[in-house]
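Student: Please show me the chain, and let us go through it one question at a time.

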Amino acid sequence: QLQLVESGGGLVQPGGSLRLSCAASGFSLEYYHVGWFRQAPGKEREGVSCFSSSDGSTYYADSVKGRFTISRDKAKNTVYLQMNSLKPEDTAVYYCYVGNSWGQGTQVTVEL
């Protein structure tokens, strides 16, 4: 079975940091284009960041540039999203996507 298990979400104050993890099982994500999406209540799901395994290029939504960093640990078969300087508008359910697989989603809430 191909499965992605997300973790690392939670409640954080504005300006704080969180690191989301997406651990793959049943397949290696080394050769896949991976990405993170998020969806806030009443809003469409949007792409946050993508990482290309082929050339190492990355993409970041304008709203998170300079604050978020996507990375991959080959040994752990895990993709990460480091989120710094978090803002209330970052509050959403975050989903990891690899090929045809989606993570279960993890809630990130940024508030005082």
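Tutor: The radius of gyration is taken over C-alpha atoms, and the globule rule is 2.2 Å times the number of residues to the power 0.38. This is a predicted model, in which local features need pLDDT of at least 70, side-chain atom pairs count only at pLDDT 80 or more, and totals for chains, interfaces and linings use all residues. Residues are numbered from 1 along each chain as its sequence is written, and side-chain values use heavy atoms, with hydrogens and water left out.

Student: What radius of gyration does the chain have?

Tutor: The chain has 112 residues, and for that number a compact globule would have a radius near 13 Å. The value for the chain agrees with this: 13 Å.

Student: How many helices and strands are there in the chain?

Tutor: Helices (H or I, at least four residues) and strands (E, at least two) are DSSP runs, numbered from the N terminus. The count in the chain is zero helices and 11 strands.

Student: Which strands are the edge strands of the open sheet of four strands?

Tutor: Two strands pair if DSSP finds at least two bridges between them. The order in this sheet is β1-β3-β8-β7, with antiparallel pairing. An edge strand pairs on one side only, and here the edge strands are β1 (3–7) and β7.

Student: What is the bridge partner of leucine 4 in β3?

Tutor: β1 and β3 run antiparallel and are joined by five bridges. The partner of leucine 4 in β3 is alanine 24.

Student: Is asparagine 77 buried or exposed?

Tutor: Buried means under 20% relative accessible area, exposed over 50%, and partly exposed in between (1.4 Å probe, protein chains only). Asparagine 77 is found in the loop between β7 and β8. Its relative accessible area is 15%, so asparagine 77 is buried.

Student: Is alanine 75 buried or exposed?

Tutor: Alanine 75 is also found in the loop between β7 and β8. Its relative accessible area is 77%, so alanine 75 is exposed.

Student: Which residues touch the most other members of the largest nonpolar core?

Tutor: A nonpolar core is a set of buried Ala, Val, Leu, Ile, Met, Phe, Trp, Tyr and Cys residues joined through side-chain atoms within 4.5 Å. The largest one here has 28 residues. Those that touch the most other members are Trp36, Phe68, Ile70, Leu81, Met83 and Tyr94.
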